[in-house]
Amino acid sequence: MIGTIVNIVAIAIGSTIGLLIRSKLPPRLFEIVFQVLGLFTLFFGLKMALETQRIIYVVFSLLIGGLLGEFLQLEKRIDYLADILKKIIPGDNSRFQEGLITSFLLFCIGSMTIMGAIEEGLNNNPELLFTKSLMDGFSSIALSSAMGIGVLFSVVPVLIFQGGLTLLASSAQDFLSPIMISELSAVGGLLLIGLGINILEIKKIRVTNMLPALLVVVFMVLIFG
């Protein structure tokens with residue numbers, strides 16, 4: 001798992017740099033950084049969403065996942081945990097949850113993440129994840145300067161998700177099929193589009209409650225092929 005370890009170190013360093021320069025950004029620069037991130041999130045999400053080969057899987061995954069998230073009240077529960085952390089951590093943490101979820105989806109849900117984890121798990125080759133680490137390191141500077149310390153805390157789900165994929169690939173080679181990779185990326189892309197709309201303050205979309213869709217689409221591919 002050396003690739004994932006290097007990845008989370010790069011994110012941690014980039015996030016720290018972003019937090020250090022955050023207080024030095026004048027309001028007008030802070031606003032434009034946020035707008036650029038919102039537009040990039042929309043673009044990247046659309047690019048990922050177009051990878052789908054079974055659009056019906058994506059639709060039903062989001063529908064079922066959204067209903068599950070609403071039933072479990074995921075957003076409310078994560079808000080509660082975020083409020084606890086906000087009280088412990090000094091500084092402006094008003095966008096803690098948004099920074100955490102946005103970073104997790106940007107860093108974890110995509111073909112490069114999945115293929116990199118598979119390559120390291122199957123062939124013990126972390127080169128693709130090293131390249132991703134460099135990209136994530138620079139991205140985390142911009143993200144944390146705009147959204148705060150929630151980006152730094154994203155190293156926890158990155159470690160769990162990406163490291164878990166690496167271990168899974170090493171023990172179950174046939175599990176992560178091309179169709180599963182494309183549909184997982186597509187669902188993640190649509191969630192990113194929702195986050196981009198939230199960042200740009202166009203409309204409030206409860207993206208957190210839709211996160212179970214990432215699990216639902218995996219089961220749909222396993223069941224229906």
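Predicted model: local features only at pLDDT ≥ 70, side-chain atom pairs only at ≥ 80, totals over all residues.
Asp136 and Lys132 sit 4 residues apart in helix 7, residues 127–147, so about one helical turn separates them. The two form a salt bridge, and the closest N and O atoms are 2.6 Å apart. Are these residues buried or exposed? Both Asp136 and Lys132 are buried.

How many salt bridges does a search of the whole structure find? There are 2. Besides the pair in helix 7, Glu70 forms a salt bridge with Arg206, again with closest N and O atoms 2.6 Å apart. This pair links distant parts of the chain, 136 residues apart. Glu70 is in helix 3, while Arg206 is in the loop between helix 10, residues 178–199, and helix 11, residues 213–224. Glu70 counts as partly exposed because its relative accessibility is 35%. Arg206 is also partly exposed, with a relative accessible area of 45%.

Since Glu70 brings us to helix 3, let me stay there. Helix 3 runs over residues 55–72. Which residues of helix 3 are buried? They are Tyr57, Val58, Ser61, Leu62, Gly65, Gly66 and Gly69. These residues cover an arc of only 150 degrees around the axis, and therefore lie on the same side of helix 3. Leu67 and Phe71, on the other side of the helix, are exposed. Just after helix 3 comes Gln73, which takes a positive phi of about 55 degrees.

Next, the aromatic rings. The whole structure was searched for aromatic pairs, and 3 were found. I will go through two of these.

Phe40 and Phe44 form a stacked pair, 5.7 Å centre to centre with 15 degrees between the planes. Phe40 counts as partly exposed at 39% relative accessibility. Phe44 is partly exposed too, with a relative accessible area of 22%.

The other pair is Phe104 with Phe161, and here the geometry is edge-to-face: 5.9 Å centre to centre and 90 degrees between the planes. Phe104 lies in helix 5, residues 96–108, and Phe161 in helix 9, residues 155–171, so the pair ties together parts that are 57 residues apart in sequence. Phe104 is buried, with a relative accessible area of 13%. Phe161 is partly exposed, its relative accessible area being 21%. The cut-off for buried is under 20%, which is why these two residues get separate labels.

Last, the surface. A nonpolar patch there has about 990 Å² of accessible area together. Its members are Met1, Ile2, Ile5, Val6, Val9, Ile13, Ile17, Leu20, Ile21, Phe130, Leu159 and Leu167. Which helix gives the largest share of the patch? That is helix 1, with 8 residues. Helix 1 covers residues 2–22, and both helix 1 and helix 9 supply at least two residues of the patch. Ile13, one of the patch residues, is found in helix 1.

Terms used: Residues numbered from 1 in each chain as written. Heavy atoms only, no water. Phe/Tyr/Trp six-rings, centres within 6.5 Å; stacked < 30°, edge-to-face > 60°. Buried < 20%, exposed > 50% of the residue type's maximum accessible area, 1.4 Å probe, protein only. Patch = residues over 30% accessible without salt bridge, like charges linked within 9 Å, V, L, I, M, F, W, Y side chains within 5 Å. Areas by Shrake-Rupley, 256 points an atom, 1.4 Å probe, with all protein chains shown as cover. Salt bridge = Lys/Arg side-chain N within 4 Å of Asp/Glu carboxyl O. Expected span 1.5 Å × (residues − 1). Arc of directions from axis to C-beta.
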